Amino acid sequence: MARARRAISRRSFLGGVGAAALAAPVLTGCGPSRNPNEITFWNFYGPGGQQKSQSDWFVQLAEEWNATHDVKVRLRYVPTKDYTSGPTLQTSFSAGAGPDVFLLSPGDFLRYHNGGALLDLTPHLTPEVRADFLPQVMQTRLVGDRVYGLPLEIEPLALYYSEAAFEQAKLAEGDLPRTWDQLLAVAERLTTPDRFGMLLETNPGYYQNFTFYQSMWMAGGEVFTPDQRRAAFNGPGVHAALQFWQDTVTAGVAPRRVKGAGANDSLSNISDGYCAMQQLGIWGIAEIAEQAPDFRYGVIPMPSPAGGAYTTALGSWAMVANAKSTNPQAAAEFVVWALGSTDPACIERMRRWNTVAKTNLPPRYSVQRAAEQHGAFDSGPMRVFKEQVMAQARPEPRYPPEVYRAISDAVQSCQLDDGDPVSAAEAAAQQIDTFLSTYDGAPIN
């Protein structure tokens, strides 16, 4: 990435939030511990989160560390919607009160790295451990050869479908859609006065962008040119993806508003009968098993456009440490102890997170082997994800907030406001190019 003519300020990166985030409530609570013998860990799982198995995993993680270390970890739970779409993290860091350890997605990595908030974990990692992480999930946490976060999981996207809804519509396995046209046609047959045939995310935010990238890539669209010096967003692949997202709503087969926490929420949408098909990540398997065990469903790779090339998008949250922590050494040691050790206890801990407490694909080869030995991918949806959904995959990209917002505005305009895909893509590309002319941060990928 070329150097820019002027640098973006630290406050711009940490304080720059979109309209949806600005509208969300600010939560008050503890920031980094001022006690040198304590570090704070903010997350959206526990204690007291929506899924008990996941909350318990985080509580046990802290308890295991605290039992053997003088510096104690204190968990703070932030509800998912406030954590991922609200300003909770941004405002805490802008005020100099960010947590010592927190979870971060690739989509928001550059905001915190360019703002000087992420601690370099490289000195704490062995070459053996670095090589154990899958490259495609580690690459968005690297700047040069330095590591600024350890992936907790890999979360590919797929299409879930309700078996009961298919039976009611007299649809069989041979009717499962493989293309966008087939998906719209099947969704029309599944749509009833009380149920939408399919569901895509409609809430603006990092999650909607992440799910849109899958459609964009399958249609041949990209955000940047290969050298990342110019926007490529105003291209036919992007136009096609924006048109498809618009068509799902204008055809009446997908809702303008999703329920619950959003389209990442299986319980409020597909399992509750609000829709018959839903673009959703692998985490939905654990959600449904724990909270809607009687719901019958199947999983297939997300349909692609005619003439397009199938791929899935890989989400992946990572643990990161605050470079401005009162005790950065302890914060880094905790992250590496939790996810970056060759200790069998660490491997088992990550196996339990990825295939018991939550359903993901493990981000480390050693953890994948352990999961396979326990039969995690022998049958059912987990096997479909591993063997079919992951046939082609790309990691969630990391873009600065200004790029993310330009893309988000284009998706929202077309999906919900009947905007013209070509005009929306052109406007977004112009915004991205203007931003690139002044960008002076870590490489964008």
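Me: What should I know about the model first?
Reply: It is predicted, so local features need pLDDT of at least 70, side-chain atom pairs count only at pLDDT 80 or more, and totals for chains, interfaces and linings use all residues. Residues are numbered from 1 along each chain as its sequence is written, and side-chain values use heavy atoms, leaving out hydrogens and water.

Me: How many cavities of 30 Å³ or more are there?
Reply: Two. A cavity is a set of points, on a 1 Å grid over the protein atoms alone, where a 1.4 Å probe fits but cannot get out; lining residues have an atom within 4 Å of a point. Volume is the space filled by probe spheres set on the points, which are joined across faces, edges and corners.

Me: What volume does the second largest cavity have?
Reply: About 40 Å³. The largest cavity holds about 50 Å³.

Me: Which residues line the largest cavity?
Reply: Among them are Gly107, Tyr206, Glu396 and Tyr404. Helix α11 (residues 206-218) gives the largest share, four residues. Helices here are DSSP runs (H or I, at least four residues), numbered from the N terminus.

Me: Where is Gln412 found?
Reply: In helix α18 (residues 401-417).

Me: Which residue has its backbone oxygen 2.8 Å from a polar atom of the Gln412 side chain?
Reply: Thr202.

Methods:
1 Å grid on protein atoms, 1.4 Å probe; cavity = no way out; pocket = protein on both sides within 12 Å on 5 of 7 lines; lining within 4 Å. Helix = DSSP H or I, 4+ residues; strand = E, 2+ residues; numbered from the N terminus. Polar contact = N/O pair within 3.5 Å; in protein donor to acceptor, adjacent residues only side chain to side chain.
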